[in-house]
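Please look over the sequence and the structure before reading on.

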Amino acid sequence: RAALADAYQYRHPALEVDLFDATFPNPVGVAAGFDKNAEVTHALAALGFGFVEIGTVTPYPQAGNDRPRLFRLREDEAMVNRMGFNGQGMERVKSRLEADGTPTVPLGVNVGKMNSSSEREAIEDYRRVFDRLSPFADYVVVNVSCPNTPDEFDEGSPEHLRAIFETLEAENDRDVPILVKIGPDEPEESVFDLIDIVREFDLDGIVATNTSTSREGLESPRREEWGGLSGKPLADRSTAVVRSIAEYTGGDLPIIGVGGVDSPATAYEKIRAGASLVQLYTGFVYEGPSTAKRINRGLVELLERDGFSSVEDAVGADLE
């Protein structure tokens with residue numbers, strides 16, 4: 001890992017972001033879904049990422065959907081996944097974090113429900129995972145927007161969201177920051193309704209966005225595979241959602257921007273639209289191990305070009 005860090009980490013004071021009572025050495029993180037079971041958090045930090053979000057973690061192990069369930073859409077620089085919350089469960093993740101320790105960068109924990117859970121059971125699922133893993137987390141993300149799990153009930157209904165947030169707030173003795181992850185396909189009015197609930201419970205931020213069910217404009221023969229679409233085709237849509245949230249909240253609610261981040265330019269677009277941090281998954285798959293270093297170095301150049309002294313100064317610049 002020391003050799004990886006020497007080759008791939010890029011540090012610059014302009015990249016540091018203070019958020020959620022933690023210091024992020026740079027704003028470029030790995031999105032949930034890549035390191036589901038906290039197996040490579042230290043390696044990802046060594047590769048230069050400013051933070052890592054593990055999960056989605058469920059209370060118990062589950063196999064997820066049948067294979068094949070992950071497809072590269074090379075012509076579109078995209079992927080489709082229908083993993084279905086496959087993972088080793090919270091106890092295995094907890095024991096690994098205890099044995100290996102947390103990485104040198106902030107750690108996010110993305111929590112989800114079992115695929116077989118009813119609406120009432122789902123709330124207890126979130127509580128269980130939060131109780132087990134929040135002591136290791138710099139922030140926790142409630143994932144109610146995955147398109148690859150059974151639709152037994154409306155996970156995004158105001159009543160269900162209020163029940164989840166009320167339960168987690170009662171459990172949150174350590175005041176761990178709690179965020180919620182939203183999808184890119186929701187109407188703007190629904191997004192604003194969710195933000196109102198987030199404000200009602202004084203939650204700490206939004207992750208925007210999850211994968212999409214849209215297939216508009218794709219060229220790959222794999223485009224008809226069902227599941228969540230990620231990568232370059234999501235860039236503009238997810239940035240538009242980031243901008244809408246930032247405008248609606250007046251920039252007062254922290255946003256982690258996700259979707260189509262694969263270059264300094266795409267990361268910078270989300271920052272200027274209102275994202276304090278960005279995440280990537282598909283861009284990392286296509287661009288390789290030097291992705292974080294290349295994006296961070298390019299961000300510094302873009303900040304200097306536009307006269308910003310830091311990433312924090314550039315957040316929401318396009319809204320002014």
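## The second largest pocket

In this predicted model, the second largest pocket is lined by D185, S212, S214, E216, G217, L218, L229, P233, L234 and R237. The space inside the second largest pocket comes to about 160 Å³, and its lining residues divide into four nonpolar, three polar and three charged.

## The largest pocket

The largest pocket has a volume of about 570 Å³ and a lining of 26 residues, among which V144, S145, D154, G156 and E186 lie nearest its centre.

The greatest contribution to the lining of the largest pocket is that of α6, which gives five residues.

## Nonpolar cores

The largest nonpolar core holds 87 residues, and the members that touch the most others within it are F49, L133, V142, F165, I206, I245 and I256. When residues up to four places away in sequence are left out, I206 touches L179, V180, I182, L194, V198, I245, L253, P254, I255 and I256. Another core, of seven residues, lies apart from the largest one and includes L73, L218, L229 and L234.

## The annotated domain

An unreviewed UniProt entry lists residues 15-303 as "domain: Dihydroorotate dehydrogenase catalytic". In the model, the end C-alpha atoms of residues 15-303 lie 9 Å apart, and the span is 36% helix and 19% strand.

Technical notes
Residues are numbered from 1 along each chain as its sequence is written. This is a predicted model: local features need pLDDT of at least 70, side-chain atom pairs count only at pLDDT 80 or more; totals for chains, interfaces and linings use all residues. Side-chain values use heavy atoms; hydrogens and water are left out. A nonpolar core is a set of buried Ala, Val, Leu, Ile, Met, Phe, Trp, Tyr and Cys residues joined through side-chain atoms within 4.5 Å. Buried means under 20% relative accessible area, exposed over 50%, partly exposed in between (1.4 Å probe, protein chains only). Contact means heavy atoms within 4.5 Å. UniProt positions are given in the numbering used here, feature names are shortened, and annotations may be inferred rather than shown by experiment. Helices (H or I, at least four residues) and strands (E, at least two) are DSSP runs, numbered from the N terminus. On a 1 Å grid over the protein atoms alone, a cavity is a set of points where a 1.4 Å probe fits but cannot get out, and a pocket is an open set with protein on both sides within 12 Å along at least five of seven lines; lining residues have an atom within 4 Å of a point. Grid points are joined across faces, edges and corners, and a volume is the space filled by probe spheres set on the points. Ala, Val, Leu, Ile, Met, Phe, Trp, Tyr, Cys and Pro count as nonpolar, Asp, Glu, Lys and Arg as charged, and the others, Gly among them, as polar.
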